[in-house]
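I opened this notebook to keep track of what I looked up, one topic at a time.

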Amino acid sequence: ILINVCFSFSPSFQYDYEGNEISDLPVDLSVVWNGNQVIDNPFNIQAHLYKCYALRDSCGMCLKADPRFECGWCVQEKKCSLRQECAPLESSWMHATAGNSRCTHPKITKLFPETGPRQGGTRLTITGENLGLQFRDIQTGVRLGKVPCIPIEEEYISSERIVCLLNDATGYRVQEANVEVCVRDCLADYRALSPRAFTFVTPFFTRVLPAQGPLSGGTRITIEGNHLNAGSSVSVNIGRHLCHFKK
């Protein structure tokens, strides 16, 4: 059972909860008959109080709301609301059930890592808002300059996060470039650029201490150099033997 916040259940009763830190709140439901007899609730049926706008301050977060709540994005007011709370024009209210809904003004807020080798293979994590509602919205729309970054479907969080695998960039001469995300197409309203650039670097080490150790293993080796934290993962091998890496 869903009861919208401030929805008048009867002329004399309204239901609400304080604050905007909770978007929906399940509450126990009881029905009193004849003034003092509480009807049994053996299935523990609850009512849901909810506020469309609570914790949904972007179009993408709004359209991710539970469809039972019937929340949609009021385009003109830039607010998550019920249809009747928005302007009367049908085109000014978007709902996820429309199937082709798409939020404008995607935004990248964080990029990790910000450096990596040109040889590719870096797993790039892009966080932000309005980054597509479905994986297919961004499946072919992520690039680092002219270098494609292939999104990983299992790592995708609708509207909030894209994880992609960076292609080989050895033929790309630019030292740094911004990440670009296009939601379905690259029109201005559906294109986001990272606020900080990604930098291509070449990791190398200058010194290894100690220079020798017993064959039985157990030697703690210190490696010094530049850009040794580039990319998304680090592994160390001595010949064919793995050296367990500790930061």
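I looked up the disulfides (pairs of cysteine sulfur atoms within 2.5 Å) and found that the structure holds six of them. With bonded cysteines counted along the chain, I noted the pattern 1-4, 2-8, 3-6, 5-7, 9-10, 11-12. Before going further I wrote down that this is a predicted model, in which local features need pLDDT of at least 70 and side-chain atom pairs count only at pLDDT 80 or more, while totals for chains, interfaces and linings use all residues. I also noted that residues are numbered from 1 along each chain as its sequence is written, and that side-chain values use heavy atoms, with hydrogens and water left out.

I turned to Cys52 and Cys71, which are joined by a disulfide with an S to S distance of 2.1 Å. Cys52 lies in the loop between β7 (46-50) and α1 (59-63) and Cys71 in the loop between α1 and β8, so this pair ties together parts that are 19 residues apart in sequence. For the element names I kept to DSSP runs numbered from the N terminus, helices being H or I of at least four residues and strands E of at least two. The link of Cys52 and Cys71 is left-handed, with -85° about the S-S bond.

Next I checked Cys62 and Cys80, which a disulfide joins at 2.1 Å from S to S. Cys62 lies in helix α1 and Cys80 in strand β9, so the pair ties together parts that are 18 residues apart in sequence. The torsion about their S-S bond is about 75°, so this disulfide is right-handed.

I then looked at Cys74 and Cys86, whose sulfur atoms are 2.1 Å apart in a disulfide. Cys74 lies in strand β8 and Cys86 in the loop between β9 and β10, so the pair ties together parts that are 12 residues apart in sequence. Cys86 is buried (under 20% relative accessible area, where exposed is over 50% and partly exposed is in between, with a 1.4 Å probe and protein chains only), at a relative accessible area of 10%.

Which strands form the open sheet around β8? I found the order β9-β8-β10, with antiparallel pairing. β9 (79-81) and β10 (93-94) stand at the edges, each with a single partner strand, so one side of each is left without a neighbour in the sheet. I kept in mind that two strands pair if DSSP finds at least two bridges between them, and noted three bridges between β8 (residues 72-74) and β9.
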